[in-house]
Amino acid sequence: MTDAPATRLVSLLKAMDASDDYRLLRRVPEEPPIEPDDGSPSMSVAVVDVETTGLDPDSDRIVELAIRRIRMTLDGRLVGLGERRSWLEDPGRPLDAEVVRLTGLTDADLEGRRIDDRTAVSVLRASDLIVAHNAGFDRPFVERRLPQVAGGAWACTCNDVDWAALGFEGRSLSHLMFQLGMFFDGHRAASDVGALIAMLVHRLRDGRALFEVLLEAARRDTVLVDAVDAPFEAARVLRARGYRWNQRDRRWRREIGEEALGAECEWLDRKVYSSGGAPAFSRVTWRERHA
């Protein structure tokens, strides 16, 4: 016998989904569907997320590391799905109240826990590419904790993708997932990894998977411009231009496309180094980016 209420609910949901007046959110699936492997060119991708005691990789520590290795075709089809791996680690000091609030982790949860270094290193080193949502945050923590994986290729779904050009607002993982029609329980590493995988396989209106968009951007070499010895009074114009202060090296820097280098040099000569001095340049590949 047909379940009439359930049938009506399905019909209602389909009608709402087809309407421009409503937006449905679906929970990120525990196990994303795998497509048949037809032998197309593919790569092994480690999707990574960390939770930490704070923001500084020099003084703070990882308290949770999640990794899942997947196999993606270059046109963005998921054809292989590895084991879900997640470890807690005791940072050796009490957690701040804000970390407890955000993650739900407590000192008791972490006491005596440790990342399985051998397994984590094996998975990461066996991957062609490591993906995180904010790789500029995750990569320094991962490479400080697991120095054996330093120098790998990284891609960042937050900053390597031009979300505004794709018609999205904001860059936080939860907000982007809402715009993709999905939701998840955030602020735990394993949940964030699941959301990232769902993001990578999502297809845009033009038919491209987000993995394709990410891969194209991440593979492109760029130039890191360091405003070496920039005058103090140039800080305002540098910030307005898109430069960011790097506390570790104590200089303003900006990453640009190679095609923009000539115009950038001209601007720096006029606005920053009119009284002397010169910037420094270095080429950036996905092996140096976000380090």
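Accessible areas here come from the Shrake-Rupley method with a 1.4 Å probe, and for residues only the protein chains shown count as cover. By that method, the chain exposes about 16,100 Å², with carbon and sulfur atoms supplying 49% of it.

Before you start clicking: this is a predicted model, in which local features need pLDDT of at least 70 and side-chain atom pairs count only at pLDDT 80 or more, while totals for chains, interfaces and linings use all residues. Residues are numbered from 1 along each chain as its sequence is written, and side-chain values use heavy atoms, leaving out hydrogens and water.

**The whole chain**

Show everything as a cartoon. You will find 10 helices and 11 strands; helices (H or I, at least four residues) and strands (E, at least two) are DSSP runs, numbered from the N terminus. The C-alpha atoms fill a box of roughly 85 × 50 × 40 Å, taken along the principal axes. Of the 291 residues, 43% count as buried. Buried means under 20% relative accessible area, exposed means over 50%, and partly exposed is in between (1.4 Å probe, protein chains only).

**Stop 1: the sheet**

Next, select strands E2 to E6. They form an open sheet of 5 strands in the order E4-E3-E2-E5-E6, with mixed pairing; two strands pair if DSSP finds at least two bridges between them. Strand E4 (78-88) and strand E6 (154-156) stand at the edges with a single partner strand each, so one side of each is left without a neighbour in the sheet. Neighbouring strands are turned by 25 degrees against each other on average, direction ignored.

Zoom in on E2 (residues 42-52) and E5 (residues 129-132), which pair in the parallel sense over 3 bridges. Here Val47 stands opposite Val131 in E5.

**Stop 2: helix H7**

Select residues 189-201. H7 has 13 residues and reaches 19 Å from its first C-alpha to its last, close to the 18 Å expected at 1.5 Å a residue; the expected span is 1.5 Å times one less than the number of residues. Its buried residues include Asp192, Leu196 and Leu200. What covers the buried residues of H7 includes E2, E3, E5, helix H6 (173-179), strand E7 (182-183) and helix H8 (210-219).

**Stop 3: helix H10**

Which residues of H10 (residues 261-271) are buried? They are Glu264, Trp267 and Leu268. Look down the axis of H10: these buried residues fall within an arc of 100 degrees, so they line one face of the helix. The arc is that of the directions from the helix axis to the C-beta atoms. An α-helix has 3.6 residues a turn, so residues three or four places apart point the same way. The buried residues of H10 pack against E8, H9 and strand E10 (251-257), while Gly262 and Glu266 are exposed on the other side.

**Stop 4: two positive phi values**

Most residues other than glycine have a negative phi. Asp229, however, has a phi near 55 degrees. Find Asp229 in the loop between strand E8 (222-227) and helix H9 (235-241); this residue is exposed, with a relative accessible area of 73%.

Finish at His290, in the segment after strand E11 (280-284). The phi of His290 is near 70 degrees, also a positive value in a residue other than glycine. Is His290 buried or exposed? At 15% relative accessibility, His290 counts as buried.

Note on methods
Contact means heavy atoms within 4.5 Å. Axes are lines fitted to C-alpha atoms, for helices over the stretch in contact, and angles run from 0 to 180 degrees between N-to-C directions.
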